[in-house]
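This report describes one protein chain, shown below with its sequence and model.

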Amino acid sequence: MLSPSFKHKPGIIAVPTNLTKKWEISLISCLISLTPGTLVMDYSLDSNIFIFTILI
């Protein structure tokens, strides 16, 4: 049903991982981005992956 209000809560979450190689981070980023409503934005050197999601 359509309504004028926006009930979704978008946000950015940090997911800690134990990945060390760049190909591992690339692979998991591609797999996460296949999920509807998600997008991997960045990763940090301490193995955190930052994910934008429409529904928190």
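The text covers the overall fold, the hairpin and a surface patch.

The model is predicted. The chain holds 1 helix and 3 strands, and from the N terminus on its elements run β-α-β-β. With a radius of gyration of 14 Å, well over the 10 Å that the globule rule gives for 56 residues, the chain is more spread out than a compact globule. Along the principal axes, the C-alpha atoms fill a box of roughly 45 × 20 × 15 Å. Of the 56 residues, 21% count as buried. The accessible surface comes to about 4700 Å², and carbon and sulfur atoms account for 68% of that area. Among contacts between residues at least 6 apart in sequence, 52% join residues at least 24 apart.

Strands β2 (residues 38-43) and β3 (residues 48-53) run antiparallel and are joined by 5 bridges. Valine 40 stands opposite isoleucine 51 in β3. The hairpin has 4 residues between the strands. Serine 47 lies in this loop between β2 and β3, and its phi is near 70 degrees, a positive value in a residue other than glycine.

A nonpolar patch on the surface is formed by Ile12, Leu39, Met41, Phe52, Ile54 and Leu55, which together have about 560 Å² of accessible area. Leucine 55 belongs to the segment after β3.

The table sets out the accessibility of two residues.

| Residue | Relative accessibility | Class |
|---|---|---|
| Serine 47 | 15% relative accessibility | buried |
| Leucine 55 | 56% relative accessibility | exposed |

Serine 47 counts as buried because its 15% is under the 20% cut-off, whereas leucine 55 counts as exposed because its 56% is over 50%.

Note on methods: Residues numbered from 1 in each chain as written. Predicted model: local features only at pLDDT ≥ 70, side-chain atom pairs only at ≥ 80, totals over all residues. Heavy atoms only, no water. Pairing = 2+ DSSP bridges. Helix = DSSP H or I, 4+ residues; strand = E, 2+ residues; numbered from the N terminus. Patch = residues over 30% accessible without salt bridge, like charges linked within 9 Å, V, L, I, M, F, W, Y side chains within 5 Å. Areas by Shrake-Rupley, 256 points an atom, 1.4 Å probe, with all protein chains shown as cover. Salt bridge = Lys/Arg side-chain N within 4 Å of Asp/Glu carboxyl O. Buried < 20%, exposed > 50% of the residue type's maximum accessible area, 1.4 Å probe, protein only. Rg over C-alpha atoms; globule rule 2.2 N^0.38 Å. Contact = heavy atoms within 4.5 Å.
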